[in-house]
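Here's a quick look at some aromatic rings and a helix pairing. Keep the 3D view open as you read.

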Amino acid sequence: MSAASASCGKATDGSTMTPAAYERLQIRIPLAIAAAAAWAAAALSHERKLVAFCNSDVWTAISLDQFALAITFSSPASLAGEWMLMVAAMMMPMLAGAVGHVRARSLPRRRKQSLALFVIGYCAIWGACGIPIVLAMLTLRLMQLSPVVTIALVGSLILIWQFSPAKQLCLNRCHDQPPLAAHGIAADLAALGYGVTQAIWCCGTCWALMLVPLMAQDGHLFAMAATSAYLIAERLDPPRRPAWEIRWPSTIVRLLRFRLSLWRRPDNAGRVRA
């Protein structure tokens, strides 16, 4: 690490930050800024056309005229933009490991190019994944089910996928960090391909839970935040054998219990009183 980097790598208590911690910070800060910007844009947007499009009463009695009217007020470009904004807000915090892998395996002069290609591949797959997810929502509307039945049906679908071996397989593969070429076109293809494969497994992990914020017309931002928090928490769990089982994010629970136990220790209580 250079002298300039070392001077920046200071912890808040004045101690020197380790090189590994400084590298992690270099990754997490840009991702956090990008996610915060996406959340701010989503919060400031008054027209949530994607959610309205998925929950529109037009689909309960579909006709060509009604479909044309829906597309007129909600163009595919605007719907795609809102979908990618939602993906950016919810998925950016989970990319630290993959982005760190690309950064560590790229030559300094190619680092920005490799990261850009990774993001392009990742976003392309998530953009394509939005189509079947939105179509699934429209199918539910066409079935003309009552709200209670719709919630029960979507909830059952989510639970079945969450507890399935396929879900655990996708979750395991999200932790993959394959070797990446360092030179020439091979390096570009490797970075692009890694973004594509990461997005495929990420879509496989998250697609069912992404139905939740699309269903929540009134509490859309809250549903986004709750879903994102759960997805981040379950990504912290280590890979395990795919099987039908009730799984929940156990790692975050252990971390919270550990932090709580530290906070409750008598020496910490004394510091708080002091």
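## A ring cluster and a helix pair

Ring pairs link Phe118, Tyr122 and Tyr194 into a cluster. Bear in mind that this is a predicted model. The structure holds four aromatic pairs, and the table shows two of them, both involving Phe118.

| Pair | Centre to centre | Angle between planes | Class |
|---|---|---|---|
| Phe118 and Tyr122 | 6.2 Å | 25 degrees | stacked |
| Phe118 and Tyr194 | 5.4 Å | 45 degrees | tilted |

Let's take Phe118 and Tyr122 to begin with. They sit four residues apart in helix H7 (residues 111-142), so about one helical turn separates them.

What about Tyr194? This residue belongs to helix H10 (residues 184-206), while Phe118 is in H7, so their pair ties together parts that are 76 residues apart in sequence.

Now for the helix pair. The axes of helix H2 (residues 19-44) and helix H12 (residues 220-235) come within 11 Å and cross at roughly 155 degrees. The two helices are therefore roughly antiparallel to each other. On the H2 side, Trp39, Ala42 and Ala43 make the contact, and they meet Leu221, Met224, Ala225 and Ser228 of H12. Sorted by class, that contact of H2 with H12 has six nonpolar residues, one polar and no charged ones.

Notes. Residues are numbered from 1 along each chain as its sequence is written. This is a predicted model: local features need pLDDT of at least 70, side-chain atom pairs count only at pLDDT 80 or more; totals for chains, interfaces and linings use all residues. Side-chain values use heavy atoms; hydrogens and water are left out. Axes are lines fitted to C-alpha atoms, for helices over the stretch in contact, and angles run from 0 to 180 degrees between N-to-C directions. Angles under 35 degrees count as roughly parallel, over 145 as roughly antiparallel, 65 to 115 as roughly perpendicular and the rest as oblique. Contact means heavy atoms within 4.5 Å. Ala, Val, Leu, Ile, Met, Phe, Trp, Tyr, Cys and Pro count as nonpolar, Asp, Glu, Lys and Arg as charged, and the others, Gly among them, as polar. Rings of Phe, Tyr and Trp (its six-membered ring) pair if their centres lie within 6.5 Å; planes under 30 degrees apart count as stacked, over 60 as edge-to-face and the rest as tilted.
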